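Reader: I'm new to this one. Could you walk me through how to read it, feature by feature?

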Amino acid sequence: MRTTAPVASCQPVNRLELERFFAGVGARVAKADAGLAHGPSSVRLSDVEHFFSIIRHKVEPQQRLLDRKQATRFNVFDFIAPDENKLSDVLAWLLDPRESHGQGDTFLRLLFKTLGLVTNAKLTMDAKVQREAPTFGINKYRRRMDVLVEAGAWLVIENKVDSSEQPEQVKDYLEHLRRCTVNRPIRSTLIYLTPDGRKPTSLDAPTRNEYEDCGRLHCWSYQAQLRSWLDNCRRECEAKWIRSFLTNFVGYIELDLKRESINDQEKENDEN
């Protein structure tokens with residue numbers, strides 16, 4: 001469970017207090033620079049530890065006061081500890097205009113706009129959102145797509161947080177979308193969503209580039225594209241509690257999910 005969090009960025013900071021707190025830093029740096037001119041640095045580890053100990057003792061009382069009013073370190077996702085399936089549940093919930101968030105098709109329209117999918121309010125308000133939607137009409141039929149949205153345009157989200165792409169998975173999903181929309185004035189696209197924006201392995205580079213260039217495939221990162229969409233959702237959301245939930249979701253992406261992604265990358269590098 002996360003134990004620390006940054007102070008809210010909107011919290012005002014007293015300039016005089018900052019100047020007073022860091023008044024001695026310039027002199028210490030100058031002293032260290034002078035030491036470097038005559039040999040090894042005069043900055044010792046104990047000096048650094050002491051400096052940050054002072055910072056901690058000055059910041060912690062202010063943090064407690066802030067938390068009393070704003071609970072800046074609280075995040076509901078610490079208790080949910082969502083896995084890949086639960087995160088897909090959250091995405092489907094946000095995109096479904098009939099769900100309890102009460103924002104109708106707001107979040108779905110924002111996503112369609114980001115993807116360049118043109119539709120109309122009647123279709124998005126009547127959108128059909130499915131979890132684990134089966135494929136059909138392809139060789140490996142009845143594969144399960146994480147999230148499928150039908151709202152004039154068709155959208156599939158394949159969510160890969162802690163698992164790898166299955167053999168031919170994205171290739172099959174794109175073929176499924178092609179068959180479902182062939183000879184129909186309907187656009188379709190697939191978001192391949194991962195913590196770091198990695199590419200699907202079932203497509204060679206030229207084929208993948210072709211799909212991306214025509215807008216049928218988007219390789220999204222939680223840290224970048226999904227985070228940007230969630231920020232847009234927060235700005236447009238009219239319900240206080242849902243804005244708080246979205247803030248928690250973004251906080252989970254920024255801290256927990258990012259940390260897990262870094263740990264996985266370090267582990268992969270060690271194995272190589």
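Reader: Let's start with a single residue. Where does Ala151 lie?

Author: Ala151 sits in strand S2 (residues 144–151). Helices (H or I, at least four residues) and strands (E, at least two) are DSSP runs, numbered from the N terminus. Before we go on: this is a predicted model, where local features need pLDDT of at least 70 and side-chain atom pairs count only at pLDDT 80 or more, while totals for chains, interfaces and linings use all residues. Residues are numbered from 1 along each chain as its sequence is written, and side-chain values use heavy atoms, with hydrogens and water left out.

Reader: Is Ala151 buried or exposed?

Author: Buried means under 20% relative accessible area, exposed over 50%, and partly exposed in between (1.4 Å probe, protein chains only). Ala151 has a relative accessible area of 1%, so it is buried.

Reader: Which residues is Ala151 in contact with?

Author: Contact means heavy atoms within 4.5 Å. Leaving aside neighbours within four places in sequence, Ala151 is in contact with Leu108, Phe112, Thr119, Leu123, Thr124 and Ala127.

Reader: What about the protein as a whole?

Author: The protein has 11 helices and 5 strands. Of its 272 residues, 39% are buried. Among contacts with a separation of 6 or more, 65% are between residues 24 or more positions apart.

Reader: How do I read two packed helices?

Author: Two packed helices are described by the angle between their axes and the distance between the axes. Axes are lines fitted to C-alpha atoms, for helices over the stretch in contact, and angles run from 0 to 180 degrees between N-to-C directions. Take H6 (residues 106–115) and H10 (residues 222–236): they pack at an angle of about 140 degrees, and their axes are 10 Å apart.

Reader: What do we call the way H6 and H10 lie to each other?

Author: Angles under 35 degrees count as roughly parallel, over 145 as roughly antiparallel, 65 to 115 as roughly perpendicular and the rest as oblique. H6 and H10 are therefore oblique to each other. Then there's handedness: a crossing is left-handed if the near helix is turned anticlockwise from the far one by less than a right angle, and right-handed if clockwise. H6 passes H10 in a right-handed crossing.

Reader: Which residues in H6 and H10 meet?

Author: From H6 come Thr106, Phe107, Leu110 and Leu111, and they meet Trp229, Asn232, Cys233 and Glu236 in H10. By class, that contact of H6 with H10 has 5 nonpolar, 2 polar and 1 charged residues. Here Ala, Val, Leu, Ile, Met, Phe, Trp, Tyr, Cys and Pro count as nonpolar, Asp, Glu, Lys and Arg as charged, and the others, Gly among them, as polar.

Reader: How many residues of H6 are buried?

Author: For H6 that's 7 of the 10 residues, so this helix is largely enclosed by the rest of the structure. They are Thr106, Phe107, Leu108, Leu110, Leu111, Phe112 and Leu115.

Reader: And how do H5 and H10 cross?

Author: The axes of H5 and H10 come within 13 Å, crossing at roughly 30 degrees. That makes H5 roughly parallel to H10, and their crossing is left-handed. Leu87, Leu91, Leu94 and Leu95 in H5 meet Tyr222, Leu226, Trp229 and Leu230 in H10. This contact of H5 with H10 divides into 8 nonpolar, no polar and no charged residues.

Reader: How many aromatic pairs does a search of the whole structure find?

Author: Rings of Phe, Tyr and Trp (its six-membered ring) pair if their centres lie within 6.5 Å; planes under 30 degrees apart count as stacked, over 60 as edge-to-face and the rest as tilted. The search finds 1 aromatic pair. Trp93 and Phe245 form that edge-to-face pair, at 5.5 Å centre to centre and 70 degrees between the planes. Trp93 lies in H5 (residues 84–95) and Phe245 in H11 (residues 240–271), so the pair ties together parts 152 residues apart in sequence.

Reader: Last one: what is there to see in phi?

Author: Most residues other than glycine have a negative phi. Glu132, in strand S1 (residues 128–134), has a positive phi of about 55 degrees although it is not a glycine.
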